[in-house]
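Okay, thanks everyone, let me get the model up on the screen.

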Amino acid sequence: MTIEANTRTIESDVVTDFSKKMSYGSYLHLDELLSAQVTISQPVHHDEMLFIIQHQTSELWLKLVLHELRTVRESLMRDDLGFALKGIARVKHIQKSLTEQWSVLATLTPTEYSQFRDSLGNASGFQSYQYRAVEFMLGNKNAGMLPVFASNPEAHEMLETILNQTSIYEEFLRFMARQGFAIPERIFERDVSTSWTLDEDLVLVFKEVYENADTNWQVYEACEELVDLEDNFQLWRFRHLKTVTRIIGMKRGTGGSSGAAFLQKALELTFFPELFAVRTIIGR
């Protein structure tokens, strides 16, 4: 009886010499990327590696979210709603990955985290400028956040630029106006550096869209995609809150915030209030 080896023969055309060719590792700069997980606890605690990779991975995904949202905004400005929706669809998948990875961090027990938490000093996710940039692009703007990034000129400049730009939502409303929808003129005259607040007249515009979805299908679909985007963001916030509560209870955050209580307040924030308010009056 012949027993075949449990191996796979390397095909003759497979490239194996990368002395003068670009490899997978060189293309992705893996030497640089995989050397960035530098633990600082003394003695080094086993679970600090998890903590670092969790947050570095989140920042990579946030970088892609920003990349996509910039294109979404530009697409809306040139009336290419289809391409904008393609970008939003991709962001929704990224959000799913971001939310699901909280379950990995949740394997960190309170005792394990307490053994290296002091090594973090005042470092905190609150200081993630990419996260703030995403919030700003979606309409939750807060100029009071800028001083947090004063020591990082590049991050400060990026956030200040986004703060003074129209949000994704505002560009969607401008798109709707160009399509003939009766968007209140004052919306286009508002200070775009301020956080979006509910406009009752705009709710009525969306009521018309929803109650006549068959004749407003593209805009109707876009509205639901934006609702998905906000729902996903709130799920991420909720999982963040529950993971923090599971690991540190009601302790203060390393960055000086009230911790879980501060995160709880974020659940009250909304990006697209009219798209939720309209649900109350549909059918009246």
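So, where does Leu28 lie? It's in the loop between helix H1 (24-27) and helix H2 (30-33), with helices being DSSP runs of H or I, at least four residues, numbered from the N terminus. Quick caveats: this is a predicted model, where local features need pLDDT of at least 70, side-chain atom pairs count only at pLDDT 80 or more, and totals for chains, interfaces and linings use all residues. Residues are numbered from 1 along each chain as its sequence is written, and side-chain values use heavy atoms, leaving out hydrogens and water.

Back to Leu28: at 35% relative accessibility, that one counts as partly exposed (buried is under 20% relative accessible area, exposed over 50%, partly exposed in between, with a 1.4 Å probe and protein chains only).

Now helix H7, residues 129-138: nine of its 10 residues are buried. Tyr131 and Arg132 are among them. Arg132 also lies over the face of Phe126, 4.8 Å from the ring centre. Just after H7, Gly139 has a positive phi of about 120°.

On to the rings. There are 15 aromatic pairs here (Phe, Tyr or Trp, using Trp's six-membered ring, with centres within 6.5 Å; planes under 30 degrees apart are stacked, over 60 edge-to-face, the rest tilted). Take Tyr169 and Phe272: centres 5.0 Å apart, planes at 55°, so they're tilted. Tyr169 sits in helix H9 and Phe272 in the loop between H12 and H13, so the pair ties together parts 103 residues apart in sequence. Tyr169 is buried at 1%, and Phe272 is buried at 0%.

Methods:
Helices (H or I, at least four residues) and strands (E, at least two) are DSSP runs, numbered from the N terminus. A charge sits over a ring if NZ of Lys or CZ of Arg is within 6 Å of the ring centre and within 35 degrees of the ring normal.
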